[in-house]
Amino acid sequence: MGRACLSPLTKADTTMENHFDVIVIGGGAAGLTAGIYLSRAKVNTLILNEGAVGGQMVLTHEIANYPGVENISGYELARNMKSQALNFGCKIRSNVKITSLALEDEIKKVTVNNKDVFTSNAVIIATGGKSRAIGAPGEDSFKGTGISYCATCDGDFFQDKEIIVVGGGNSALEEAVSLTRYASKVTIVHQFDYFQALEHYIEDAKNNEKINFVMESEIIEFIGDEKLRSVKIKNKSNGEISQKNIDGVFIFIGYVPNTESLEGIIELNKFKEILVDKDLMTNIPGVFAAGDSIQKKYRQVTTAVADGTIAALSAAEYVNNLKKEKTEPAVV
Amino acid sequence: MLRTNLKHVLSEKEHSELLNNNENVMICCGRMGPMCIPVYESMEELEGEYNNIKFADMEFDSPDAKVIRDLPECSSFAGLPFVVYYKNGKVVKATSSIQSRDQITEILDANFSK
């Protein structure tokens, strides 16, 4: 999301066509669920999404623990949710750029692509998260030519090659083990002297003879020409820098919430996660938040779906109360 | 066959016909994977905005996809999808791995005048 700013609402902005009961920002599991619930309840709803619909869900090849569905790809689950929302009458605009947000007033205003203005009585923020990048020089240049964030997508390009996996959580260790099906050698580079992953992931990695570990270290530079050739690794305990020739680097160092543009507008914690109450309302009345961008411990499709449901029901109640206030005569 | 709403290029012959019959062509060669799907989705949306460009996909694992896999422009690629942009049958740009709609639009605008 682009940097949002507060901007005044003019009368011309609130046309019938562009006004909704609720605008949902984000089209991942939380946002689509909110869209399904709201539209089914005949609450006029628009989902605005900056990327492809499905969010982080699309990044999961196989979901085997979604209750009631034995096995489904993240893409298919996302596609089903999108179609369910559309069938209930939800409007969805994807691949838009949100250029301004005005949330303080009773009528909320969202501007996309610097020109189209949408207004609503309530907003649900479900902007999700994104893969954390290392931020070292060369990282952007070698994406797709040696650097990958998806083992199942790109693992087979590294048949009999030597690779590095960066990270120490569940994803890093699980993917390191899966990458040994292709790679001749996998080196796990991790910034701490311990892993944050669950014990069985650690055991699996330690018991795999193709995997070795470089602890308390980080990659500080990616080097190559038309493709990645080597990396510079810094040992964090003694400051020593070494250069290692490598064919590929897979990066799994967690996720960061997509809340940069909300700083100064909505209350966030020190991890930039949105603070919400039990109804998933933020510090601004009528502005709710759901999914991976809020403060919480567990980030799963199921928890995002639960958040989307709660935020939708809360937003619907908020909008209904607003409408009642406007139609009921004031008690003197 | 890829589950998209794009034109599917199923053979080397179809690939050649597509290039012969269209001045500007964008082909996304991939699988139904997380790095590929957002690119297909962007292309499906851009199809309505760029009438002068033919948008298509091709299954990366089909034998005939060697027309893309073996391109010299893709020789250093190690991330799906491989996306190739053609003007008058010649490759003008190729990218590897996921690209945002903005990045794709930038390439289209730079290489194919509307």
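The stops below cover a pocket and several salt bridges.

This is a predicted model, in which local features need pLDDT of at least 70 and side-chain atom pairs count only at pLDDT 80 or more, while totals for chains, interfaces and linings use all residues. Residues are numbered from 1 along each chain as its sequence is written, chains are lettered from A and ligands numbered from 1 in the order in which they are written, and side-chain values use heavy atoms, with hydrogens and water left out.

**The pocket**

Select A:Tyr75, A:Arg79, A:Lys82, B:Glu41 and B:Glu44, which lie nearest the centre of the second largest pocket among its 18 lining residues. The lining comprises eight nonpolar, four polar and six charged residues. Next, colour helix H2 (74-87) of chain A and helix H2 (37-46) of chain B, each of which supplies at least two lining residues. H2(A) gives the largest share, six residues.

**The salt bridges**

A salt bridge here is a side-chain nitrogen of Lys or Arg within 4 Å of a carboxyl oxygen of Asp or Glu; 23 are counted over all chains. Select A:Glu162 and A:Lys244, whose closest N and O atoms are 3.1 Å apart. A:Glu162 lies in strand E9 and A:Lys244 in strand E14, so the pair ties together parts 82 residues apart in sequence.

Move to chain B and select B:Lys66 with B:Glu12, a salt bridge whose closest N and O atoms are 3.1 Å apart. This pair joins helix H3 (residues 66-69) to helix H1 (residues 12-21), 54 residues apart.

Finally, select A:Arg93, A:Lys115 and A:Asp116, which are linked in a network of salt bridges.

Key: 1 Å grid on protein atoms, 1.4 Å probe; cavity = no way out; pocket = protein on both sides within 12 Å on 5 of 7 lines; lining within 4 Å. Helix = DSSP H or I, 4+ residues; strand = E, 2+ residues; numbered from the N terminus. Nonpolar A, V, L, I, M, F, W, Y, C, P; charged D, E, K, R; others polar.
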